[in-house]
Amino acid sequence: MASATEKTTAVLKNNPAWMEPITLDGLTHHYGDRLALDHLTFQVRPAEIFGLLGPNGSGKTTLFRILSTLMIPTGGSALIQGFDVAREPNRVRQQIGIVFQARSLDIKLTVGENLKHQGHLYGLKGGTLKRRMEEVLTRVGLLDRIKDTVETLSGGMQRRVELAKGLIHSPSVLLLDEPSTGLDPGARRDLWQYLRMLRDDEGVTVLVTTHLMEEAEHCDRLAILNQGKLVALGAPSELKSEIGGDVVLFEAASEASAAELSAKIANRFIVSPTVMGNTVRLEREQGHKFVTDVVEAFPGLVEGVSVARPGLEDVFIQRTGHRFWTEKTEQQAWPPQKEQ
Amino acid sequence: MATMVATTSPPRALPSRNASLWTAALTLWEREIVRFYRQKARVIGVIASPLLFWFVLGSGFAHSFRGGATGSDQYLSYFFPGAVVMIVLFTAIFSMMSLIQDRNEGFLLSVMAAPVSRSAIVLGKVLGGATLAAIQGVVFLVFTPLVGVHPSLTAIGISVLAIVLISFELTALGFAIAWPMDSPQAFHAIVNLLLLPLWMLSGAIFPASGATGWLRALMRVNPLTYGTDALRNALFPAQTTGFSLSVNLGVTIAFCLLVFAASWTIVDRRTNKPAA
């Protein structure tokens, strides 16, 4: 007599979907009454760097906790290498390496001791463990610091040790939560280089959560989350190319004149612009030419103009109807990749 | 069913390598010990604090009680087992505060996400704390000649056993209390509310025989009473004790198992809420 679990597993094993390292099927999570994840269904492919992009509160962290077996979802399922994260946590744990956002290293211990304890927790011992420690430390370029206590290392180096710690048991799936937090641009570049190396040399599937557009650009594919819902899925270039032409922004003097400008543009050019504060935004082929037309048609209303290739933020706006960032932070984040 | 499973190629799964209970517990235990001796202030505290506590507290109490049934020297020797238990209690509490630190720093997350039995996590952490507590308690036995006791090897052996058991039960109790907490302040509030009275009502500072009815009843149900009493059995065979050594050790062992099981149950719960 096969138990219900065994049956499910057997059925899944006949499904091609089983080959996908991460499969979410209707994954849902509630904190009390609050819906944090709303029926997420998507798959992560083998040996790709997959990004989970979303603003704070979008459900990234919740999803990360569920995938790292630290919390069981209230509905739906998530499989990693065919194992259910809720029902077979220890099988999942063998498959995944995790780099948490918070520091998980013991700073009073040396780099080597941290890796040794981690190795023991994953059943590695003796010569095998020693070889593996040397391998992962060589990979992150810190073999010469093996005897140093972690507190003597810089933030960037500590993050590299975290990565080495997550890789000690040769996981087939690596999960990283906001890995660039607190890293300078150089360390950030290094980190992404390591991730690509893992993907290319060892076929590791990498899942990265991030709230940074520029980081999301590095991913092979992306899932964009907003309020617990999947709003977009695909390669960054693919998602951006779905937006027709250029993104054109007109700055008006006030919100009222922005609304007026928007109405007039809509009427004259038969388009449907969106108004965000003082800004009128629309997508248009031949953006440069369009700008000239608008400025000539409504001379007094336009205070400023920008034309840009669409970025991931535009994908987000197009799918959700609002900006990625709250008012406070949008200054730095908007507009991305300004041209001209 | 079986053939269908066999026809599909397996995922790039690694060979099953769940760490054994003991490997995992041992490595967590080792971490506690290494952390301890890296912090020199703690090492000095282990040696210096037992002597200080016993001398200051014992002398103070002895003067307050002078003229009563117990004289100064007699009180110092009565208080001796209680002082050992107090030292053990403080160290046990102190070492379990590191659990809150582990949680806040994120170390606990990485342990909880590892493929190890949850009992190994409890065992490693509790044994680590209990080892440190027991070392302090045993160091304190060096002072027995000061109260005129020259214990036999058997007495020392039984004392060490009692100290180890008391260390384990108190550390495991501290673990169960500290686990759901994220601030050291909240932990301290519970310590003051629960653990200190537990010690005071264990026969450490006054015997149950002299207490009023309800207090005596409380002292009887206090599991720590039996540990303190066991120490008294071993070190002062002449002093009248509440229970026989076998009862004392039996109850203490039972309580060790009970609090360990409670801690394990708490840690083993997987819920819809974040685990660490």
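In which sense do strand β1 and strand β4 of chain A pair, and over how many bridges? I started my notebook with this one, keeping in mind that the model is predicted. Strand β1 (residues 22-31) and strand β4 (residues 75-80) of chain A run antiparallel and share five bridges. I picked out Leu24(A) and found Ala78(A) as its bridge partner in β4(A).

**Entry: the hairpin**

Next I followed β1(A) to strand β2 (residues 34-44) of chain A. Seven bridges hold this antiparallel pair together. Leu27(A) has Leu40(A) of β2(A) opposite it. The two strands make a hairpin with two residues between them, and Gly32(A) in the turn has a positive phi of about 60°.

I then looked for positive phi values elsewhere. Buried or exposed, or in between: how does Ser170(A) count? Ser170(A) is partly exposed, because 17 C-beta neighbours lie inside 10 Å.

Gln227(A) also has a positive phi, of about 50°. This residue sits in the loop that links β9 (221-226) to β10 (229-234) of chain A. Gln227(A) counts as partly exposed because it has 15 C-beta neighbours inside 10 Å.

**Entry: the six-stranded sheet**

I traced an open sheet of six strands in chain A, in the order β6-β7-β8-β3-β9-β10, with mixed pairing. β6 (96-99) and β10 of chain A are the edge strands; each has a single partner, so one side of each has no neighbour in the sheet. From one strand to the next the twist averages 15°. Inside the sheet I checked β7(A) and strand β8 (residues 205-210) of chain A, which are parallel and joined by five bridges. Leu175(A) has Leu207(A) as its bridge partner in β8(A).

Which helices pack on this sheet? Helix α2 (residues 60-67) of chain A does, touching β3 (49-53), β7, β8 and β9 of chain A, with its direction at about 145° to that of β7(A). α6(A) packs on the sheet too, touching β6 and β7 of chain A, and its direction makes about 165° with that of β6(A).

**Entry: helix pairs**

I looked up a pair that spans both chains. Helix α4 (residues 111-121) of chain A packs against helix α2 (residues 21-38) of chain B at about 155°, with the axes 8 Å apart. That angle is over 145 degrees, which means α4(A) is roughly antiparallel to α2(B). Their crossing is left-handed. On the α4(A) side I listed Glu113(A), His117(A), His120(A) and Leu121(A), which meet Thr23(B), Ala24(B), Thr27(B), Arg31(B) and Val34(B) of α2(B).

Within chain B, the axes of helix α10 (residues 223-235) and helix α11 (residues 245-268) come within 8 Å and cross at roughly 140°. These helices are therefore oblique to each other. Their crossing is left-handed. Residues in the contact include Tyr226(B) and Ala230(B) of α10(B), and Leu249(B) and Phe255(B) of α11(B).

**Entry: the cores**

Last, I looked inside. The largest nonpolar core has 144 residues, and Val88(B) and Leu89(B) have the most contacts within it. Helix α4 (residues 72-105) of chain B contributes the most, with 17 residues. Another core, of 14 residues, lies apart from it and includes Ala258(A), Ile265(A), Val280(A) and Leu282(A). Going back to Leu89(B), I noted that it touches Leu170(B), Leu195(B) and Trp199(B), leaving aside residues up to four places away in sequence.

Methods: Residues numbered from 1 in each chain as written. Chains lettered and ligands numbered in written order. Predicted model: local features only at pLDDT ≥ 70, side-chain atom pairs only at ≥ 80, totals over all residues. Core = buried A, V, L, I, M, F, W, Y, C linked by C-beta atoms within 7 Å. Buried ≥ 20, exposed ≤ 12 C-beta atoms within 10 Å, placed from the backbone. Helix = DSSP H or I, 4+ residues; strand = E, 2+ residues; numbered from the N terminus. Contact = placed C-beta atoms within 7 Å. Pairing = 2+ DSSP bridges. Axes fitted to C-alpha atoms, helices over the stretch in contact; angles between N-to-C directions. Parallel < 35°, antiparallel > 145°, perpendicular 65-115°, else oblique. Left-handed = near helix turned anticlockwise from the far one by under 90°.
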